[in-house]
Each structure stands twice: as structure tokens, then as C-alpha cells.
Amino acid sequence: MTRVMIQPADYNNCRQAVDRAFDLFPVNIRNKKVLVKPNALRAAPPEACVTTHPAVVRAVVDKLEELGAAGIVVGDNPGMMSYGANEKTFETSGLREASKGYYRNIGADAVKVGFNPKYLNQISVSRAVMEADVVISVPKFKTHSLTILSVAIKNCYGYLPGALKAELHRLAGNAARFSEILVDVFKLRGPDLFIVDAVKGMEGDGPASPDLRDIGLILASDNAVALDAVVTRMMGFEPDRIPVFRFARQKGLGDFDAESYTVDGVFQPIPGFKLPQTAQNAEGIPTGEGAFFESRVRLRPRVNQELCTGCQTCVDQCPVSALAMDDDGFPEVNPEICIACFCCQEMCPEMAIVLS
């Protein structure tokens, strides 16, 4: 039966939890090429919880060295579509230093692979992903306004370099189709082990929310669906309400039923955890798929003018060009064009884009 580890940890002792994860889920590392894939969404300091904390990545790298990896690469493809964004993200977040010289801009070299022809016949994937003998995914415990959470399955969207992520958002057009795309990307190369930084997590309208939460845990598993199901239940939500998980189960990637996995550790729901607005409305959490997506249709990004610096990042990163600067120098959304992908909110360096 699939297992999910839940281990108390802080950033000073997280190596103990990493050791435990490798004990519970043994992976043959010796003489292997290993890719460590953190969540490196965009340039932000570690305390913002936008990225995986460098202490956890450093603990994983130390462990891989100890286990005799032949080659280690630490890399991700951030969401920002601009030259130098990869390096800046890893520098600002502390992940480059934590990588101990193993950081690589994996977006600089890609290979073409077959994909779901409903969207694209082929897509580009970072070569480091496809050529790794072992992939260790190190996601952050975060919410996500489009997918409810951004943990094991969602972290693999960073396999895609450059503007392709935004292009697939555009081709999807809605949350249901994007959920299918996420699963198809994950299937290209499912990681061998997942180690989740849940020492300090994010709640509210993630994946770039100012609402942070002390959780004090490291989670791990070798199955993404079971791991994400545990995280979802910790957040106070039911996995069967999330289309990503239903697609994943249909495609044989695992099960989210509570009877399908065991927990190594103590499972406790996080009291009063703040879900994204897309998971709730005035009447409470929606129970059907129609209500789930209806809540998205009602929400649109808008700018908090007190925080906005007029940098136009949101305008530049919108995959459907639904944002433009108004006469006062603030971004404004065209609701007729907006597909509610919330990329603008993810990428805003000032967290000035809110949903309402």
C-alpha cells in the first residue's frame, strides 16, 4: 500500500526528515544522474514562501552526495517569461547557494516530446528532466487559486521552459482543461521521490500569497496522488472535488481515497486553514464541479493600487493579453478576454494583484 510520511521538522533540523524520507522510500542513487526539482516560481526571498526553502534543498543535496550520485542538477523553470529570470529566481530565493554548485538553468536546453494532440502534438521539455536517471521533486506546501494546491503534481509543470507554460494556459482556456494538461505534463516524467517543504506554508490565494502559516512538517512519498490527497485533507478540502486528481486517477497515476494509502506519522488537519477564494463562496465551499468552476468565473484579478509600482509584469506575463495599463498607470483587466488563469497574480513581484 502507498505510504505518505509526515515528520515534524524545522529549517535547522530538516536533514533528519530528509534522511527518514530516503529510508522509507529507497531510491538507487549511487552513480546515477539526479535532478532535484524545487518550486522556484519567481524571484522572492525565502521568508516569502513563494519558493521551496533553501534549507530543504540543501539537505536533499547533502543526502544525494552522501549516497554517491554521479551527477546532480538542481533546477526549475520559473513562471516569468524574461531573459535572466531563472538565474535571478535562484539567486534571490537562496536556492542557488543551497545547490552547492549544482544549479543549472535547465530552461536553456530542451528536447521535443510527444504530447496530448488535443492541445499540442509536441512540446518542449527541459533536457535535464528527460535525461535524469532519478528525479527528486521538492515542492512547497502552498495553495493555488487555479488548482486549489500547488504541491506534488503541480510542481512538475516546471518541466516546461520559457513561454510554453503560458501558451498551454491559453490553449486550455479554463481550469478543467488546464487540469488535464497538468496531468499530461506530469506523466512525461513522474518523479521518483517527493519531499515537501511544509515547515512554513502558504494559505489563501496562492501560489504567491502574503498569507503564510507555520506548519512545522516535512512530508514525503513516492506517489504524487496520495501525497497531494494528504495535503488536501490537511487543508480541510476533499480531493475528489479537485479535477487534477480525478484525471490523475483515471490515467493510473494513483488513488486519493483515504483507504488507498497509509500515513507514517501523525495526520492532523490544520485548524482554520484559509483556502483560496476559488474553493469557497458566500454560501460556503462548493460541493459540485459546476459550483467549483462557477466560483472561478465570478473572480477576476484587480490591482491593489497601494502596492502596485506600475512595473507592468502582470501585463507582460498574461498569456491572452487581457491586461493593459490604464491612464493612471495601473493595470486593468478586460473581463471579456480574461480566462481566469491568474498568472498575473502569480508573477506580480509586489503581490499587488488580488482576486475579487
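In which hand, left or right, does α8 pass α10? The crossing of α8 with α10 is right-handed, where right-handed means that the near helix is turned clockwise from the far one by less than a right angle, and left-handed that it is turned anticlockwise. The structure is a predicted model, in which local features need pLDDT of at least 70 and side-chain atom pairs count only at pLDDT 80 or more, while totals for chains, interfaces and linings use all residues. Residues are numbered from 1 along each chain as its sequence is written, and side-chain values use heavy atoms, with hydrogens and water left out.

Helices (H or I, at least four residues) and strands (E, at least two) are DSSP runs numbered from the N terminus. The axes of α8 and helix α10 (residues 243–250) cross at roughly 45° and come within 8 Å; axes are lines fitted to C-alpha atoms, for helices over the stretch in contact, and angles run from 0 to 180 degrees between N-to-C directions. The two helices α8 and α10 are therefore oblique to each other, given that angles under 35 degrees count as roughly parallel, over 145 as roughly antiparallel, 65 to 115 as roughly perpendicular and the rest as oblique. On the α8 side, Ala176, Ser179, Glu180, Leu182 and Val183 meet Pro243, Val244, Phe247 and Ala248 of α10. The contact of α8 with α10 comprises 7 nonpolar, 1 polar and 1 charged residues (nonpolar: Ala, Val, Leu, Ile, Met, Phe, Trp, Tyr, Cys and Pro; charged: Asp, Glu, Lys and Arg; polar: the others, Gly among them). Within α10, Pro243, Val244, Phe245 and Ala248 are buried, where buried means under 20% relative accessible area, exposed over 50% and partly exposed in between (1.4 Å probe, protein chains only).

Leu168, His169, Leu171 and Ala172 of α7 make the contact with Arg177, Phe178 and Ile181 of α8. Sorted by class, the contact of α7 with α8 holds 5 nonpolar, 1 polar and 1 charged residues. Arg177, located in helix α8, counts as partly exposed because its relative accessibility is 30%. Not counting residues up to four places away in sequence, Arg177 touches Lys118, Tyr119, Leu171 and Ala172, contact being defined as heavy atoms within 4.5 Å. Arg177 and Lys118 are 59 residues apart along the chain, and their C-alpha atoms are separated by 9.9 Å.

An open sheet of 7 strands has the order β3-β2-β6-β9-β10-β1-β11, with mixed pairing; two strands pair if DSSP finds at least two bridges between them. Its edge strands, β3 (71–74) and β11 (261–264), each pair on one side only. From one strand to the next, the twist averages 20°. Strand β2 (residues 33–38) pairs with β3 in the parallel sense over 4 bridges, and Leu35 stands opposite Val73 in β3. Strand β6 (residues 134–138) runs parallel to β9, to which 2 bridges join it; here Ile136 stands opposite Leu193 in β9. Strand β9 (residues 193–202) is mostly covered, with 9 of its 10 residues buried. The pairing of β9 with strand β10 (residues 212–221) is antiparallel and has 8 bridges, and the bridge partner of Asp197 is Ile218 in β10.

Two helices lie across strands of this sheet. Helix α1 (residues 14–24) lies across β1 (2–8), β6, β9, β10 and β11, and runs at about 165° to β1. Helix α9 (residues 224–234) lies across β1, β9, β10 and β11, and runs at about 155° to β10.

Backbone geometry was also examined. The peptide bond from Gly206 to Pro207 is cis, with omega near 15°, and Pro207 is found in the loop between β9 and β10. Ile148, a residue other than glycine, has a positive phi near 75°; Ile148 is placed in strand β8 (residues 148–149) and is buried, with a relative accessible area of 0%. Ala340 is not a glycine, although its phi is positive at about 55°. The loop between β14 (331–333) and α13 (343–347) contains Ala340, and a relative accessible area of 8% makes Ala340 buried.
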